[in-house]
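Here is a friendly briefing to read alongside the model. Please keep the sequence and the 3D view open as you go.

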Amino acid sequence: MTQTVELPFNYSLEDVLNRLALDPLNSVDLSNQTVKVPLDETIITVESIGTFYEPKFILTGLETKEQYERVTSILHFNRSLEPIQKHFLNTNLQSLFLKYEGTPIITDFSLYGNIIKSIIHQQLNLSFARTLTERFVQTFGKSKEEVWLFPSPEIIASLDVETLRQMQFSTRKSEYIIGISKAIAEGDLNLDALATKSDDVVLSELIKYRGIGPWTAESFLLFGLGRENLFPLADIGLQNSLKKLWDLDRKPMNSEITPHLSFWSPFNSYAALYLWKNIE
DNA sequence: GACCAGGATTGCT
DNA sequence: AGCAATCATGGT
């Protein structure tokens, strides 16, 4: 089935594709402005046939209405960026929002993948984290139509720590990843069920698990569920970006950041996203 | 060869 | 409750 989508607000697919292309596991074609989105076993192709000011897309490969809802939600086709843009033009982040207008929060293709990738990224530089993620998915996941599908929790739950250790995961990271996969495989942790709960409930539920701290839980809310009002204070990248924006000679302390959150609210996630963009 | 990296846990005051 | 050590290894 093929479906055409037109958006009534400015939207930069170019930015989305560039961000997705940073992950070698994604299938992005920059010259043809297309991306393949894996939804479980179904691959949806999204092709841009519009412009920044008149965004228009062709979606092919859709089998169900639910898949359509998922793709439009993942790529943020279903939520106007206009009120968010207007909101930030009245804040001290105005310059960033003029510069990066039309940049949406896109969510991960898989909630499980989001959690595991976050754990891999903990305390590692981006480039090494991407290497580990790529190795992980290419070893345990499978490839379909040039897209890598994230492995299932069941597969990872059955691994032993030594297997991941040999792939240059630390012992701790290996334990976290296998432990959380077991909790999901055994039905103790249901990520889909969290989607209907409040931010606070999701945070407190996730933090119970070994290996998931505030940063990982907030990252799940932001890039897994697409929640709009998160600002991960623990994130080094955000601290460095504010240091640059405010021309400080050191990273700002939490107490220097938190007063701004009430002005950026209820869209703190966008403040975070645009700050991350500004140091890419 | 330090020092840091899109942190989290553990153990010690 | 709050701090420091620890983790593993690539980047700079």
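Angles under 35 degrees count as roughly parallel, over 145 as roughly antiparallel, 65 to 115 as roughly perpendicular, and the rest as oblique. This is a predicted model, in which local features need pLDDT of at least 70 and side-chain atom pairs count only at pLDDT 80 or more, while totals for chains, interfaces and linings use all residues. Residues are numbered from 1 along each chain as its sequence is written, and chains are lettered from A and ligands numbered from 1 in the order in which they are written.

**Overall build**
- Chain A comes to 15 helices and seven strands; these are DSSP runs numbered from the N terminus, with helices being H or I of at least four residues and strands E of at least two.
- The radius of gyration of chain A is 19 Å, which agrees with the value near 19 Å for a compact globule of 280 residues (taken over C-alpha atoms; the globule rule is 2.2 Å times the number of residues to the power 0.38).
- The C-alpha trace of chain A spans about 50 × 50 × 35 Å along its principal axes.

**Helix pair α11 and α12**
- The axes of α11 (residues 199-206) and α12 (residues 214-224) come within 9 Å and cross at roughly 135° (lines fitted to C-alpha atoms over the stretch in contact, with angles from 0 to 180 degrees between N-to-C directions).
- α11 and α12 are therefore oblique to each other.
- On the α11 side, D199, V202, L203 and L206 meet A217, F220 and L221 of α12 (in contact means C-beta atoms, placed from the backbone, within 7 Å).
- That contact of α11 with α12 has six nonpolar residues, no polar ones and one charged (Ala, Val, Leu, Ile, Met, Phe, Trp, Tyr, Cys and Pro count as nonpolar, Asp, Glu, Lys and Arg as charged, and the others, Gly among them, as polar).

**Helix pair α5 and α6**
- The axes of α5 (residues 111-121) and α6 come within 9 Å and cross at roughly 140°.
- That makes α5 oblique to α6.
- K117, I120 and H121 of α5 meet A129, L132, T133 and F136 of α6.

**DNA strands**
- α6 gives the most to the surface near DNA strand C, with three residues.
- Around DNA strand B there are 19 residues, of which Q123, L126, G213, W215 and T216 come nearest.
- The surface near DNA strand B has eight nonpolar, nine polar and two charged residues.

Methods:
Contact = placed C-beta atoms within 7 Å. Near = placed C-beta within 6 Å.
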